[in-house]
Amino acid sequence: MTPLAFTDLCEMLVREVDLRPTLQATVEEQVAKTLYLLAHNMTNRELAFIFRRSGESDCIGAIDGTHIRVKVSQREAPRYRGRKDYPTQNVLAACTFDLKFTYVLAGWEGTTSDSRIM
């Protein structure tokens, strides 16, 4: 990547996704570390050593998806059945480390999510 392309990428991330510097890292350092991580498939510890930074991250929460059991009519049940033996609905949730939910998306029924996205 040329220096100009890198600068343009950083500016675009600031403009489009509101990427901001933190107390620990500039926007440029965050982008460089992310690109290096993706290109070399490194661990956080290896990345911290190369960039001479602490291995601590700026992570503010966690995100995961799960299947929640639901009650639906017998007629609707086949749409909600997937890998489980009972009807479920996909739910995506994000929470802070003190277990406060910051985002919840109740998705689609069963496990047919991939085919609906495409």
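**Contacts of His 67 and overall architecture**

In the predicted model, a polar contact of 2.9 Å joins the side chain of His 67 to the side chain of Asn 90. The side chain of His 67 also makes a polar contact with the side chain of Thr 88, at 3.1 Å. His 67 belongs to strand S1, which covers residues 62–69. The relative accessible area of His 67 is 19%; because burial is defined as a value under 20%, His 67 is classed as buried.

The protein chain contains four helices and three strands. Along the sequence, these elements follow the pattern α-α-α-β-β-β-α. Just after H1, Asp 18 adopts a positive phi of about 60°.

Values for the whole chain complete the description. Of the 118 residues in the protein chain, 19% are buried. The protein chain exposes about 9400 Å², and carbon and sulfur atoms account for 58% of this area. When contacts between residues at least 6 apart in sequence are considered, 30% of them join residues at least 24 apart.

Notes: Residues numbered from 1 in each chain as written. Predicted model: local features only at pLDDT ≥ 70, side-chain atom pairs only at ≥ 80, totals over all residues. Heavy atoms only, no water. Helix = DSSP H or I, 4+ residues; strand = E, 2+ residues; numbered from the N terminus. Buried < 20%, exposed > 50% of the residue type's maximum accessible area, 1.4 Å probe, protein only. Polar contact = N/O pair within 3.5 Å; in protein donor to acceptor, adjacent residues only side chain to side chain. Contact = heavy atoms within 4.5 Å. Areas by Shrake-Rupley, 256 points an atom, 1.4 Å probe, with all protein chains shown as cover.
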